[in-house]
Amino acid sequence: MLPATLDDVKVLDLSQGLAGPICAKILADFGADVVKVEPPGGDAARSMAPHFGNDPHPEKSLIFLLANLNKRGVRLNLDDPDGRELLRRMARASDIVVESFEPGYLAALGLDYAALSQENPGLIMISITPFGQTGPYSAYQSEEIVTYALSGIMSISGMAEREPLKHGGMQSQYEGGLSGAVAVLAALHARDVIGEGQHVDVSLHDVIASTLVIHQPMYGWVGAVQGRRQPSGSSYGHVQRCKDGYFIWQTGGGAEWSDIAEFFGPEALKEERFASVAGRVVHGEDLDRLVLEGTKDRTMQELFRTASEKYHMLFGVVQEPEDLARCPHLEARDFFQEVDHPVIGRIKVPFRLWSMPDAPAVYRRPAPLLGQHNTEVLGDMLGLDAGRMEALAARGVI
Amino acid sequence: MIRMTKMPLKGIRVIDSSYVFAGPYATGLLGDLGAEVIKIEGPERPDFTRGGAFSGLLPDNEARSDPWNRMSTYNLVNRGKKSLVVDLARKEGREVLVDLLKVSDVIVENFTPRVMRGWGLDYPNMKLINPNIVMVSNTGYGRGGPYSNYPAQATTQEATHGLAAITGYRGGEPSKAGQSYVDFLAAWACASAALLGLRYRRRFGHGLWADIGMYQLGCYNVSDYILDSIANGAPGERIGNRHRQFAPQGCYRCAGGDAWCALSVRDDEEWGALCGVIGQPELARDQRFSTEVARRANHDAIDEIIARWTATVTKIEAMERLQAAGVPAGAVLDGRDLHFDPHLKARGLLEMVRFPEEREMGPCRPIIGRPWKFSAMPLTVRDPAPTFGRHNREVLHEILGYDESRCSALESAGIVVDKPRKIREVPDLSMDQRVAIGRLAYWDSDYKERLGIA
């Protein structure tokens with residue numbers, strides 16, 4: 001077996017939803033022993049759609065499955081003083097705690113970083129929340145669209161004459177988990193070489209705002225503010241229709257204009273007026289019409305392959321979720337993992353974010369059922385005996 | 001708590017041989033963490049953020065004699081680095097890179113696989129040069145699989161990796177959103193992989209290779225839709241600003257021009273609170289809206305009611321009043337607002353980068369720092385981005401130990417230079433023209449006074 005980069009690291013994942021759990025899952029994928037601690041009612045992700053078979057059963061949440069692969073699970077009641085004591089003891093035996101509670105919640109329970117690090121100064125805690133631990137919005141309620149609005153990204157998304165438009169899905173959650181992984185790995189590196197733990201505060205709002213590397217500095221350089229897309233004047237860089245779907249193309253890549261004109265087909269595209277950027281902007285409507293003429297009877301897959309393979313063009317096609325589910329490239333890159341889940345059964349789950357042949361992300365177990373590893377984890381980690389565990393279970397602590 | 005006196009990546013040398021956003025941003029962040037980052041560009045291949053469509057704008061729209069050192073996006077992404085310009089298309093230039101690899105810890109690169117193989121700098125060869133090197137390769141589709149040689153860039157990938165299919169106005173066409181979205185997923189992935197690689201090396205005594213493909217990262221971020229398709233055969237959907245479950249959710253026009261507030265109502269209690277805020281508490285009991293299912297069915301009617309209220313208040317008032325009642329709401333901030341928002345200010349997301357006087361960049365400019373706060377490591381942007389070739393001599397002489405005659409031979413042969421031989425143009429347009437053709441929404445001529453950097 002190949003050595004795993006993080007197989008000497010113990011992680012307590014107290015986080016819920018998607019962002020924190022994804023961060024902890026990345027640690028688990030590279031070998032960390034991650035224990036997911038859920039409240040008696042389970043992680044909120046268990047009630048988030050979609051569910052397997054559209055059955056809102058807490059063990060059939062596909063988001064929970066995705067974000068908690070490779071973890072063991074404990075169900076623990078933090079409202080009970082014995083539950084809090086168990087968590088303190090687990091934190092003492094851990095290297096990293098991942099959490100996503102509303103700021104102040106853990107402090108009120110006496111379980112914040114200051115408290116947990118007293119007995120374990122090397123402990124790293126990472127908090128991943130919508131607005132971070134400090135600042136006037138830290139207590140704000142949030143949803144994906146709210147994070148998006150305040151981050152600045154919606155002001156440049158969509159059409160100028162219409163309302164700002166959010167990205168589809170839950171991008172800030174996924175992206176916050178991935179960006180959080182950088183932060184927690186940096187803190188782990190600091191601990192490895194300097195020997196000290198610390199608290200890392202990640203704000204999803206800051207994460208999305210951090211992607212505005214074109215937009216933001218325009219103001220500080222010259223007072224300029226970009227808006228949303230104008231209805232005309234940009235004749236490419238947006239989707240266009242073909243026989244069975246949509247495609248998008250750009251100049252650049254390895255293709256000259258003559259290649260692009262040949263790829264689309266209509267002779268008129270070879271005219272001098274389309275050969276320059278300025279010309280293509282001025283003659284945008286004609287260009288769109290000719291491109292449409294050359295593509296209306298062609299399929300997405302044919303266009304994608306021909307443009308990319310033969311003409312070395314920058315070319316994309318609008319793939320639907322079902323296209324991705326059976327994408328040969330994703331299969332070849334080992335993106336999916338076959339998972340045997342005790343309630344869902346056998347299912348293919350997106351798993352590998354990138355490839356690292358010498359120390360790859362390794363699949364070890366499906367997402368835990370609620371409280372599945374209570375006995376194993378509390379026995380292993382804290383040495384609790386069966387009698388003690390029964391007593392705790394009887395009182396609803398575990 | 002004791003503040004760490006030394007930066008965690010101090011003593012780590014990183015070669016940034018990547019272009020545009022993903023690799024350069026990742027290595028810029030590694031620099032913030034204390035690494036010494038050497039950016040390598042070619043005489044005929046300056047970074048694409050030094051000119052052209054990805055480069056942003058010039059300070060006060062003035063090119064001066066070296067526009068390639070002055071572009072906004074270049075300066076944000078490449079903060080704190082050293083610049084070495086060497087022609088890797090020439091054998092003597094590749095020798096410089098090979099020598100540098102021998103004394104470096106990490107290389108982040110985004111050349112096409114064919115180019116790296118041709119130069120003998122793919123990982124199997126790189127490992128022979130320095131078995132301890134951590135190599136992070138970032139390309140559109142990664143180094144294996146049927147699409148691996150396809151040209152790619154974020155805008156076209158946004159369609160291919162599944163985001164466009166679920167982004168767009170309700171019932172409308174697939175749409176792109178934001179700017180170069182997947183590049184930033186790749187930036188976080190490159191930085192994560194570099195940090196994992198360094199830890200792997202410390203533990204197991206040799207380096208490794210990370211093969212990152214942006215397509216795969218973008219696909220992962222629509223996993224909930226992929227799984228819904230696998231498990232339930234569900235299609236993608238474009239629902240604009242609405243939520244699959246919660247209602248109402250949307251982005252509503254407020255008083256004051258292009259001003260908007262987004263909000264989301266997650267349960268009946270928040271609905272009741274919203275009705276109170278907009279001065280129509282009776283709607284909370286209205287049967288058309290009293291349950292989530294009913295609100296989803298009558299979403300259009302609710303949108304009209306909310307929009308009538310938001311039109312009477314500013315976006316900030318709308319946000320503050322809704323949040324005070326416990327309803328998730330956020331003003332749509334634009335590029336100017338980001339610089340004055342009290343929350344971003346309190347968190348210090350934007351940092352002032354100071355430029356030496358001879359750069360003629362003005363004394364300082366605000367740029368994005370990083371979205372994480374470390375309790376024991378007070379990170380800041382350490383230095384401005386370097387001018388083209390600024391550290392050629394320092395790298396050749398001090399790091400590689402080349403003597404004077406070898407340095408000047410490389411310079412006189414045009415292999416090591418400090419002026420690009422080719423540069424993408426920045427259109428020479430006035431700020432008002434940029435607004436007129438729709439490239440900008442507006443500009444503030446008094447921005448320096450507003451920012452306090454005059």
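Predicted model: local features only at pLDDT ≥ 70, side-chain atom pairs only at ≥ 80, totals over all residues.
Student: Why is B:K176 called buried?

Tutor: A residue is buried if 20 or more other C-beta atoms lie within 10 Å of its own. B:K176 has 26 C-beta neighbours inside 10 Å, and therefore counts as buried.

Student: Where does B:K176 lie, and which residues is it in contact with, leaving aside neighbours within four places in sequence?

Tutor: B:K176 is in the loop between helix 6 (154–160) and helix 7 of chain B. Its contacts, with neighbours within four places left aside, are A:H238, B:T155, B:E158 and B:A164. The C-alpha atoms of B:K176 and B:I166 are separated by 9.8 Å, these residues being 10 residues apart along the chain.

Student: How do you know that the span of helix 7 of chain A agrees with what it should be?

Tutor: The expected span is 1.5 Å times one less than the number of residues. Helix 7 of chain A (residues 171–194) has 24 residues and should therefore span 34 Å; its end C-alpha atoms are 34 Å apart, which agrees. After this helix comes A:G195, with a positive phi near 95°.

Student: What makes helix 7 of chain A mostly covered?

Tutor: The count of buried residues does: 21 of the 24 residues of helix 7 of chain A are buried. For chain A as a whole, 59% of the 398 residues count as buried.

Student: Which residues touch the most other members of the largest nonpolar core?

Tutor: In that core of 253 residues, B:C190 and B:A194 touch the most other members. Helix 7 (residues 181–204) of chain B gives the most to this core, namely 16 residues. Not counting residues up to four places away in sequence, B:A194 touches B:A26, B:L30, B:V106, B:V108, B:V134 and B:V136. Another core, of 12 residues, lies apart from the largest one; A:V222, A:V225, B:W443 and B:Y447 are among its members. In soluble globular proteins, nonpolar side chains tend to be buried together.

Student: How many residues does the contact take from chain B and from chain A?

Tutor: The contact takes 143 residues from chain B and 129 residues from chain A. On the side of chain B that touches chain A, helix 7 of chain B provides the largest share, 14 residues. By class, that side of chain B has 83 nonpolar, 40 polar and 20 charged residues.

Student: What are the domains of chain A, and what separates their centres?

Tutor: Chain A is divided into domain 1 (10–211 + 329–394) and domain 2 (240–317). Taken over C-alpha atoms, the centres of these two domains of chain A are separated by 44 Å. Chain B is divided into domain 1 (13–220 + 346–451) and domain 2 (249–253 + 260–331). The C-alpha centres of domain 1 and domain 2 of chain B lie 43 Å apart.

Student: What is the secondary structure of chain A, and what does its C-alpha trace span?

Tutor: Chain A has 17 helices and 12 strands. Along its principal axes, the C-alpha trace of chain A spans about 85 × 50 × 40 Å.

Conventions: Residues numbered from 1 in each chain as written. Chains lettered and ligands numbered in written order. Domains from an automatic or database assignment. Helix = DSSP H or I, 4+ residues; strand = E, 2+ residues; numbered from the N terminus. Core = buried A, V, L, I, M, F, W, Y, C linked by C-beta atoms within 7 Å. Contact = placed C-beta atoms within 7 Å. Nonpolar A, V, L, I, M, F, W, Y, C, P; charged D, E, K, R; others polar.
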